[in-house]
Amino acid sequence: MSYGHLLLRRFATLLALVALFSLNACAGLLGFGGDSWQEEVLLHDGNKLVVDRSVERGGRHEVGQKPAYTKQALAFTHPTTGERVIWEDKATPDLGSSNFLPMALDIYQGTIYLVANPMGCLAYNKWDRPNPPYVVFRYGGKTWEHVPLQELPLETKTPNLISSSPDTEVERLGKYFVDAETIRRITSELRQPENKSILREAVAAGLGISSCEELIHYKCGWGAPGEFNRKYFENICK
(Lines give C-alpha, C1' and ligand atoms only; values in the text may rest on other atoms or scores of the structure.)
Protein backbone atom coordinates (compact mmCIF):
# COMPACT_ATOMS: atom_id res chain seq x y z
CA MET A 1 0.00 0.00 0.00
CA SER A 2 1.38 3.40 -0.95
CA TYR A 3 1.99 6.14 1.58
CA GLY A 4 -0.75 8.25 -0.08
CA HIS A 5 -3.31 5.48 0.26
CA LEU A 6 -2.36 5.00 3.94
CA LEU A 7 -2.87 8.71 4.65
CA LEU A 8 -6.21 8.62 2.86
CA ARG A 9 -7.42 5.65 4.94
CA ARG A 10 -6.32 7.31 8.18
CA PHE A 11 -8.12 10.51 7.19
CA ALA A 12 -11.29 8.57 6.39
CA THR A 13 -11.08 6.81 9.77
CA LEU A 14 -10.68 10.15 11.51
CA LEU A 15 -13.76 11.55 9.74
CA ALA A 16 -15.77 8.47 10.76
CA LEU A 17 -14.74 8.90 14.39
CA VAL A 18 -15.71 12.58 14.35
CA ALA A 19 -19.10 11.72 12.85
CA LEU A 20 -19.66 8.98 15.44
CA PHE A 21 -18.75 11.34 18.28
CA SER A 22 -21.19 13.94 16.94
CA LEU A 23 -23.99 11.39 16.65
CA ASN A 24 -23.35 10.14 20.18
CA ALA A 25 -23.39 13.69 21.51
CA CYS A 26 -26.71 14.35 19.84
CA ALA A 27 -28.12 11.07 21.11
CA GLY A 28 -27.05 11.96 24.64
CA LEU A 29 -28.81 15.30 24.30
CA LEU A 30 -32.00 14.35 22.50
CA GLY A 31 -32.30 10.61 22.02
CA PHE A 32 -31.77 9.64 25.65
CA GLY A 33 -33.41 12.30 27.77
CA GLY A 34 -33.18 15.71 26.13
CA ASP A 35 -31.68 17.13 29.30
CA SER A 36 -30.40 20.39 27.79
CA TRP A 37 -31.91 22.56 25.05
CA GLN A 38 -32.91 26.09 23.98
CA GLU A 39 -36.33 27.67 23.59
CA GLU A 40 -37.25 30.80 21.67
CA VAL A 41 -39.56 32.75 23.99
CA LEU A 42 -42.02 35.25 22.53
CA LEU A 43 -42.49 38.12 25.01
CA HIS A 44 -45.70 40.15 25.37
CA ASP A 45 -44.26 43.04 23.35
CA GLY A 46 -43.32 40.87 20.38
CA ASN A 47 -39.64 40.66 21.19
CA LYS A 48 -37.99 37.25 21.43
CA LEU A 49 -35.58 35.80 23.94
CA VAL A 50 -33.44 32.67 23.68
CA VAL A 51 -33.64 30.68 26.90
CA ASP A 52 -31.30 27.84 27.88
CA ARG A 53 -33.14 25.09 29.74
CA SER A 54 -31.91 21.95 31.46
CA VAL A 55 -33.35 19.24 33.68
CA GLU A 56 -31.97 16.37 35.73
CA ARG A 57 -33.93 13.29 36.73
CA GLY A 58 -33.25 10.80 39.50
CA GLY A 59 -34.56 8.64 42.30
CA ARG A 60 -37.00 5.77 42.37
CA HIS A 61 -39.54 5.35 39.61
CA GLU A 62 -42.04 2.86 38.26
CA VAL A 63 -40.95 0.39 35.60
CA GLY A 64 -41.42 1.98 32.19
CA GLN A 65 -41.53 5.51 33.61
CA LYS A 66 -38.82 8.12 33.88
CA PRO A 67 -37.52 9.27 37.28
CA ALA A 68 -38.81 12.55 38.70
CA TYR A 69 -37.13 15.90 38.09
CA THR A 70 -34.50 16.56 40.73
CA LYS A 71 -33.15 19.80 39.30
CA GLN A 72 -34.21 22.32 36.69
CA ALA A 73 -32.54 25.44 35.40
CA LEU A 74 -33.61 28.24 33.09
CA ALA A 75 -31.07 30.85 31.99
CA PHE A 76 -31.00 33.80 29.61
CA THR A 77 -29.38 37.17 29.01
CA HIS A 78 -31.46 40.22 29.96
CA PRO A 79 -31.94 42.11 26.67
CA THR A 80 -31.52 45.53 28.31
CA THR A 81 -28.96 45.10 31.09
CA GLY A 82 -26.96 42.22 29.61
CA GLU A 83 -27.16 40.41 32.95
CA ARG A 84 -27.11 36.62 32.86
CA VAL A 85 -30.24 35.59 34.78
CA ILE A 86 -30.71 32.07 36.16
CA TRP A 87 -33.75 30.45 37.76
CA GLU A 88 -33.33 27.08 39.47
CA ASP A 89 -35.69 24.56 41.03
CA LYS A 90 -34.17 21.72 43.03
CA ALA A 91 -35.72 18.71 44.73
CA THR A 92 -36.90 19.39 48.28
CA PRO A 93 -37.20 16.77 51.08
CA ASP A 94 -40.95 17.23 51.46
CA LEU A 95 -41.59 16.37 47.81
CA GLY A 96 -38.59 14.29 46.85
CA SER A 97 -38.58 16.11 43.52
CA SER A 98 -38.57 19.56 41.99
CA ASN A 99 -41.55 21.81 42.72
CA PHE A 100 -42.55 23.42 39.43
CA LEU A 101 -43.16 23.26 35.71
CA PRO A 102 -42.29 26.70 34.24
CA MET A 103 -44.88 27.85 31.71
CA ALA A 104 -44.37 31.57 30.99
CA LEU A 105 -41.48 34.01 31.08
CA ASP A 106 -41.96 37.73 30.46
CA ILE A 107 -40.24 41.08 30.93
CA TYR A 108 -42.30 44.15 31.80
CA GLN A 109 -40.63 47.54 32.27
CA GLY A 110 -37.30 45.81 32.88
CA THR A 111 -38.64 43.44 35.55
CA ILE A 112 -38.70 39.70 34.86
CA TYR A 113 -41.67 37.49 35.71
CA LEU A 114 -41.88 33.71 35.66
CA VAL A 115 -45.16 31.80 35.91
CA ALA A 116 -45.01 28.14 36.94
CA ASN A 117 -47.42 25.31 37.61
CA PRO A 118 -46.92 23.25 40.78
CA MET A 119 -45.59 19.86 39.70
CA GLY A 120 -48.26 17.46 40.91
CA CYS A 121 -50.68 17.32 43.81
CA LEU A 122 -48.12 17.41 46.61
CA ALA A 123 -46.50 20.56 45.19
CA TYR A 124 -49.96 22.07 44.66
CA ASN A 125 -50.76 21.57 48.35
CA LYS A 126 -47.33 22.77 49.44
CA TRP A 127 -47.85 26.05 47.59
CA ASP A 128 -51.24 26.69 49.26
CA ARG A 129 -53.47 25.31 46.51
CA PRO A 130 -53.48 28.43 44.29
CA ASN A 131 -56.47 28.97 42.02
CA PRO A 132 -55.79 29.67 39.20
CA PRO A 133 -53.01 27.11 39.77
CA TYR A 134 -49.99 29.35 39.24
CA VAL A 135 -46.95 30.24 41.32
CA VAL A 136 -45.46 33.57 40.19
CA PHE A 137 -41.87 34.69 40.67
CA ARG A 138 -40.42 38.16 40.08
CA TYR A 139 -36.79 39.09 39.50
CA GLY A 140 -35.90 42.71 40.07
CA GLY A 141 -32.16 42.48 39.67
CA LYS A 142 -30.87 40.50 42.66
CA THR A 143 -33.02 37.53 43.61
CA TRP A 144 -36.22 35.78 42.64
CA GLU A 145 -39.17 36.36 44.95
CA HIS A 146 -42.56 34.69 45.14
CA VAL A 147 -45.33 37.22 44.50
CA PRO A 148 -49.15 37.02 44.25
CA LEU A 149 -50.74 36.49 40.86
CA GLN A 150 -52.24 39.98 41.18
CA GLU A 151 -48.74 41.44 40.80
CA LEU A 152 -48.19 39.75 37.44
CA PRO A 153 -48.71 42.41 34.72
CA LEU A 154 -51.94 41.96 32.77
CA GLU A 155 -49.86 42.09 29.58
CA THR A 156 -48.57 38.60 30.39
CA LYS A 157 -51.34 36.49 28.89
CA THR A 158 -49.90 33.53 27.03
CA PRO A 159 -47.65 30.61 28.05
CA ASN A 160 -44.44 30.72 26.05
CA LEU A 161 -42.40 27.84 27.49
CA ILE A 162 -42.79 24.09 27.03
CA SER A 163 -44.52 23.25 30.30
CA SER A 164 -45.54 19.59 30.12
CA SER A 165 -42.64 17.10 30.40
CA PRO A 166 -40.38 19.49 28.46
CA ASP A 167 -37.41 17.15 28.12
CA THR A 168 -39.65 14.38 26.79
CA GLU A 169 -41.22 16.84 24.33
CA VAL A 170 -37.79 18.00 23.13
CA GLU A 171 -36.75 14.38 22.69
CA ARG A 172 -39.89 13.76 20.62
CA LEU A 173 -39.22 16.81 18.46
CA GLY A 174 -35.60 15.79 17.91
CA LYS A 175 -34.45 19.40 18.19
CA TYR A 176 -31.91 21.26 20.29
CA PHE A 177 -33.52 24.64 19.46
CA VAL A 178 -37.32 24.94 19.73
CA ASP A 179 -38.72 28.03 17.99
CA ALA A 180 -41.56 30.17 19.31
CA GLU A 181 -44.09 28.93 16.75
CA THR A 182 -43.50 25.32 17.76
CA ILE A 183 -44.00 26.26 21.42
CA ARG A 184 -47.24 28.05 20.50
CA ARG A 185 -48.49 24.95 18.71
CA ILE A 186 -47.59 22.66 21.63
CA THR A 187 -49.40 24.97 24.06
CA SER A 188 -52.51 25.14 21.85
CA GLU A 189 -52.80 21.34 22.05
CA LEU A 190 -52.94 21.23 25.86
CA ARG A 191 -56.32 20.25 27.30
CA GLN A 192 -56.77 22.38 30.42
CA PRO A 193 -57.69 26.07 29.82
CA GLU A 194 -55.33 27.23 32.59
CA ASN A 195 -52.42 25.75 30.63
CA LYS A 196 -53.40 27.34 27.31
CA SER A 197 -53.52 30.92 28.65
CA ILE A 198 -52.76 32.78 31.88
CA LEU A 199 -56.12 32.98 33.66
CA ARG A 200 -56.96 35.64 36.22
CA GLU A 201 -60.14 34.04 37.56
CA ALA A 202 -60.40 30.83 39.57
CA VAL A 203 -61.03 27.64 37.64
CA ALA A 204 -63.98 25.41 38.50
CA ALA A 205 -63.40 22.97 41.36
CA GLY A 206 -62.58 19.46 40.24
CA LEU A 207 -60.81 20.46 37.03
CA GLY A 208 -57.13 19.85 36.37
CA ILE A 209 -54.75 20.14 39.28
CA SER A 210 -57.42 21.93 41.32
CA SER A 211 -59.05 18.50 41.73
CA CYS A 212 -56.17 17.36 43.98
CA GLU A 213 -57.19 16.17 47.43
CA GLU A 214 -56.31 18.64 50.18
CA LEU A 215 -53.21 17.44 52.04
CA ILE A 216 -50.92 18.76 54.77
CA HIS A 217 -47.24 17.98 55.29
CA TYR A 218 -46.77 16.64 58.84
CA LYS A 219 -42.97 16.81 59.23
CA CYS A 220 -42.32 13.38 57.72
CA GLY A 221 -45.33 12.66 55.52
CA TRP A 222 -48.46 13.93 53.82
CA GLY A 223 -52.00 13.35 55.05
CA ALA A 224 -55.47 14.84 55.03
CA PRO A 225 -56.18 17.66 57.50
CA GLY A 226 -57.54 16.50 60.83
CA GLU A 227 -56.69 15.66 64.41
CA PHE A 228 -56.28 11.95 63.71
CA ASN A 229 -53.55 12.49 61.14
CA ARG A 230 -51.88 15.17 63.25
CA LYS A 231 -51.50 12.75 66.16
CA TYR A 232 -50.53 9.87 63.88
CA PHE A 233 -47.65 11.76 62.32
CA GLU A 234 -46.57 13.14 65.69
CA ASN A 235 -46.04 9.55 66.79
CA ILE A 236 -44.16 8.35 63.74
CA CYS A 237 -42.15 11.49 62.96
CA LYS A 238 -39.33 10.81 65.39
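Colleague: Is K48 buried or exposed?
Modeller: This is a predicted model, where local features need pLDDT of at least 70, side-chain atom pairs count only at pLDDT 80 or more, and totals for chains, interfaces and linings use all residues. Residues are numbered from 1 along each chain as its sequence is written, and side-chain values use heavy atoms, leaving out hydrogens and water. Buried means under 20% relative accessible area, exposed over 50%, and partly exposed in between (1.4 Å probe, protein chains only). K48 has a relative accessible area of 51%, so K48 is exposed.

Colleague: Which residue forms a salt bridge with K48?
Modeller: A salt bridge needs a side-chain nitrogen of Lys or Arg within 4 Å of a carboxyl oxygen of Asp or Glu. Here the closest N and O atoms are 4.0 Å apart. K48 pairs with E40.

Colleague: How many residues apart are D52 and R84?
Modeller: These two form a salt bridge, with closest N and O atoms 2.4 Å apart. D52 is in strand β2 (residues 48-58) and R84 in strand β4 (residues 84-90). Strands (E, at least two residues) and helices (H or I, at least four) are DSSP runs, numbered from the N terminus. The pair links distant parts of the chain, with a separation of 32 residues.

Colleague: Which helix holds both E169 and R172?
Modeller: Their side chains meet in a salt bridge, 2.3 Å from N to O. E169 is buried at 15%, whereas R172 is exposed at 54%. Three residues apart, they are separated by about one turn of helix α3.

Colleague: How many salt bridges are found in the whole structure?
Modeller: R138, E145 and E151 are linked in a network of salt bridges. The search of the whole structure finds 14.
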